[in-house]
Amino acid sequence: MSDKPTRGIRFQRPRSLHWRLRSRHVLLAVVILCLYFYFSTHTNRIPFHKSQPPYKIQAKFPRESAASKKLRLQRRSQVEDAFKHAWKGYKDHAWLHDEVMPVSGGQKDPFVGWAATLVDSLDSLYIMGMKEEFAAAVAALALIDFSKPNADKVPVFEVTIRYLGGLLGAWDISEHKHPILLEKATQLGEFLYKAFDTQSGLPVPYYFWKENTSGKLHGDDKVIIAQIASLSLEFIRLSQVTGDLKYAAQIQIVTDQLALTQNLTALPGMWPITANCSGEHLSFQDKTFSLGVLSDSAFEYLPKTHLLNHRTSDQYIHMYRLALASFSKHLFFRPSLPGVPDVLMSGNLNMFADPPQLDGQFQHLACFVGGMVALGSRISNSGEELDTARKLTDGCVWGYNNTPSGVMPDFAHVELCQDAATCTWSGEGNGFKSVDDSSYRLRPEAIESVFIMYRLTADPSWMEKGWKMFEAIVKHTKTDIAHARLVNVMDENPTHEDSMESYWLAETLKYFYLLYSEPGLVSLDDFVLNTEAHPFRWH
């Protein structure tokens, strides 16, 4: 990111835009009220039609040989063993706390103490057939009051994707057979809904729930864009399964402001990494653009929310196509690497600089981009986009294959090819120009894209790439208690950091498990996964 202060031009809207936004909100309220009374009269939830889906996401898989099936199931069993090991460590040492400390055996509560690992793991337990463990975890929800956090400061984004997403994903994957899941999701949704009570209708990134008992909440400046633009899946799904349209209506206010500003930023089609949410409407002074940290899921949610919401609106896919055209042109680059592989990566663009400069930073967080572009390619029926997705995903596979440990670092830099068509390698070493953060934080983004590429192509080479990643990750992260972060993946035998975030069980191991499962298990033709890999039924 740029070292310059974010003192760029403030984008002022003309009065006509201000008037249009207010008018749209009034019209939206009228429409929502009409729909609300209709659905409250006719049904207790928004229905899912049994008609033919408008998109075919997954590939048609060929008949599996006996030898291939045996190998696949052996590998899946090893993934399941890793999950059971980590789950036992959590259950034995940190039950009802947010996280287990996998080296010392302690526990910590960074996400308001509502048992983040338990809730985040619910649908993983069900998917892996651990029905007794699932039942015990569901029963434990009765002990959690999602209207009263065990902390004064509530991170709205993290709580939404982990807790609300976890409850809704478990509700959908278990076929709506456990009423407490929907009961607790509704309780939490009611609590989080209060975080949107600002002048602009944009949520506060951190909700100090004890301090704000009356009046509007104060919006903030320099808000991370992912914190306000990555809530649509969870709140729209909550409206769909409860029939209470107010959650989706509140998200619509946020989405309309994102849509109105999308072409008014320093890089039209994209939003910068921070936003100004302190006024009546969303605005931007930042001129730093990325698909990595601070921005990632803001863009990830565009094609995914379209799938979930496609019966209602094409707004999200239109926004995605605008964004895709922009970041494909300005952020994607071919790196100069040994052997000159045909891969792509996504960098950061500093529009404060004159001329603007693309930084060849290689982030693990940005490895979701291959999967996002692949998913979007199915909606657009574009072979060219799918090929771009392949190159992006192979870029992250390269990041794993070229470290001493076999695990990709969190942040690194590579050289950009001056000409993508005639790229050459004239450097020395393994291709990393620098390694800025050599840790591995148990992140899922690379295997997420590998899984999606496999499901969309039926190409078994993705299973081989994923297995090499899995073996390296589990070899180095396993402790006597669970699995731990790695301090330096540029060492052949990295040391451990005493931390295991809930997404290790919610995302990373789930994606590995699904990679070696039958394609019909959590089919992408039926489910869309939120940024914490929780499955919401879209068809």
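## Terms and model

Axes are lines fitted to C-alpha atoms, for helices over the stretch in contact, and angles between N-to-C directions run from 0 to 180 degrees. Helices are DSSP runs (H or I, at least four residues), numbered from the N terminus.

The model is predicted, with local features needing pLDDT of at least 70 and side-chain atom pairs counting only at pLDDT 80 or more, while totals for chains, interfaces and linings use all residues. Residues are numbered from 1 along each chain as its sequence is written, and side-chain values use heavy atoms, leaving out hydrogens and water.

## Helix 7

Helix 7 covers residues 179-193. Its end C-alpha atoms are 21 Å apart, which agrees with the 21 Å that its 15 residues should span at 1.5 Å a residue (1.5 Å times one less than the number of residues).

Buried residues of helix 7 include Ile 180, Leu 181, Lys 184 and Phe 191 (buried means under 20% relative accessible area, with a 1.4 Å probe and protein chains only).

## Helix 9

Ten of the eleven residues of helix 9 are buried, so this helix is largely enclosed by the rest of the structure. Among the buried ones are Glu 234, Arg 237 and Gln 240. Just after helix 9, Gly 243 has a positive phi of about 80 degrees.

## Packing of the two helices

Helix 7 packs with helix 9 (residues 232-242) at an angle of about 130 degrees, and their axes are 11 Å apart. In the contact (heavy atoms within 4.5 Å), Leu 182, Ala 185, Thr 186, Gly 189 and Leu 192 of helix 7 meet Phe 235, Leu 238, Val 241 and Thr 242 of helix 9. These residues divide into six nonpolar, three polar and no charged, where Ala, Val, Leu, Ile, Met, Phe, Trp, Tyr, Cys and Pro count as nonpolar, Asp, Glu, Lys and Arg as charged, and the others, Gly among them, as polar.

Methods:
Buried means under 20% relative accessible area, exposed over 50%, partly exposed in between (1.4 Å probe, protein chains only).
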